[in-house]
Amino acid sequence: MNRHFVFLPGTLLNADQFAPQLRKLSSTHTVSAFEYVRNSCNLTRKNLIEVWAQDSLDYVKSIGRPVTLCGHSFGGIIAQIVAFQRPELIERLVLVETNFCSTDGLLDTVTLPLAKLFLRSTPWPQLRKHILNVHGQHSFEAKMYLEATLSPTHEPAFARDIMRAALDWGGKEKLNRIFPPTDIIVGEFYDRTAKQAEHFQTLIPNAQLHKIGKAGHLVNLDAPAAFNSILLQQDASVLAA
């Protein structure tokens with residue numbers, strides 16, 4: 001059965017993040033990736049999640065049929081909002097290495113203020129190096145993608161606002177009203193999302209947790225075959241039925 005997969009990129013990333021998925025799925029399914037508009041003069045740290053969630057929702061509505069919505073990291077926050085607001089548009093929800101708040105296992109009360117201070121005070125070249133060291137260490141593909149996507153000299157528009165907005169996000173109270181079938185995907189090497197992934201599985205009514213070995217935060221690049229197999233599991237279950 002032909003399905004429509006919509007991918008929402010992670011923090012500071014773009015549609016090329018999902019290149020392995022676009023290549024694998026496009027031969028049998030309709031596949032697209034939605035990128036957020038960052039050049040609006042009305043965009044601020046306080047409203048960017050709301051604005052981009054509405055933009056993403058408008059895009060999903062324009063497709064004209066229910067989709068499999070897959071959001072990574074910051075894109076997972078956006079995907080949660082879309083699925084909560086318009087569940088009839090979502091055939092299946094896939095939340096990848098994302099969070100519903102900055103506590104409950106993601107960061108403790110000491111680490112959270114330090115993370116915000118780090119974002120405010122660290123020059124972009126050092127911040128970029130930190131991102132590459134943490135998220136590019138588990139696969140050549142992830143390292144090369146980050147090096148190509150994140151300029152060593154030019155900080156992406158709204159970079160710190162996006163990361164700070166993700167730290168300030170709180171959506172736990174809405175999780176029990178996310179009704180589409182949901183897959184939670186995490187990599188084994190990124191401990192910060194592991195605890196919240198367990199909470200996602202408990203709090204979302206129809207959720208299943210998948211932990212992919214030998215992968216970190218960029219799990220779809222670190223282990224594309226395993227990641228793609230989870231995306232295609234629904235097809236197998238439909239055929240079996």
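1. The structure is a predicted model, in which local features need pLDDT of at least 70 and side-chain atom pairs count only at pLDDT 80 or more, while totals for chains, interfaces and linings use all residues. Residues are numbered from 1 along each chain as its sequence is written, and side-chain values use heavy atoms, with hydrogens and water left out.

2. Helix α4 spans residues 111-121, and Leu112, Ala115, Lys116 and Leu119 are buried in it. Here, buried means under 20% relative accessible area, exposed over 50%, and partly exposed in between (1.4 Å probe, protein chains only). Helices are DSSP runs of H or I with at least four residues, and strands are runs of E with at least two, numbered from the N terminus. The four residues lie on the same side of α4, because they cover an arc of only 95 degrees around the axis; the arc is that of the directions from the helix axis to the C-beta atoms. The buried residues of α4 pack against α5 (124-135) and α7 (159-168), where contact means heavy atoms within 4.5 Å.

3. Helix α5 also meets helix α6 (residues 140-149): their axes come within 9 Å and cross at roughly 165 degrees. Axes are lines fitted to C-alpha atoms, for helices over the stretch in contact, and angles run from 0 to 180 degrees between N-to-C directions. The two helices are therefore roughly antiparallel (under 35 degrees counts as roughly parallel, over 145 as roughly antiparallel, 65 to 115 as roughly perpendicular and the rest as oblique). Arg128, Ile131, Leu132 and His135 of α5 make the contact with Ala142, Leu146 and Glu147 of α6.

4. A further pair is helix α2 (residues 48-63) and α7, which pack at about 90 degrees with their axes 10 Å apart. This angle makes α2 roughly perpendicular to α7. Leu48, Ile49 and Trp52 of α2 meet Asp161, Ile162 and Ala165 of α7.

5. Gln196 belongs to helix α8 (residues 191-203). Is Gln196 buried or exposed? Gln196 is buried, since its relative accessible area is 0%. A polar atom of the Gln196 side chain lies 2.9 Å from the backbone oxygen of Cys101.

6. Cys101 is also touched by Gly170, as is Phe100, not counting residues up to four places away in sequence. Gly170 lies in the loop between α7 and β5 (182-187) and is partly exposed, at a relative accessible area of 43%. The C-alpha atoms of Gly170 and Val94 are separated by 19 Å, and these residues are 76 residues apart along the chain.

Methods:
Polar contact = N/O pair within 3.5 Å; in protein donor to acceptor, adjacent residues only side chain to side chain.
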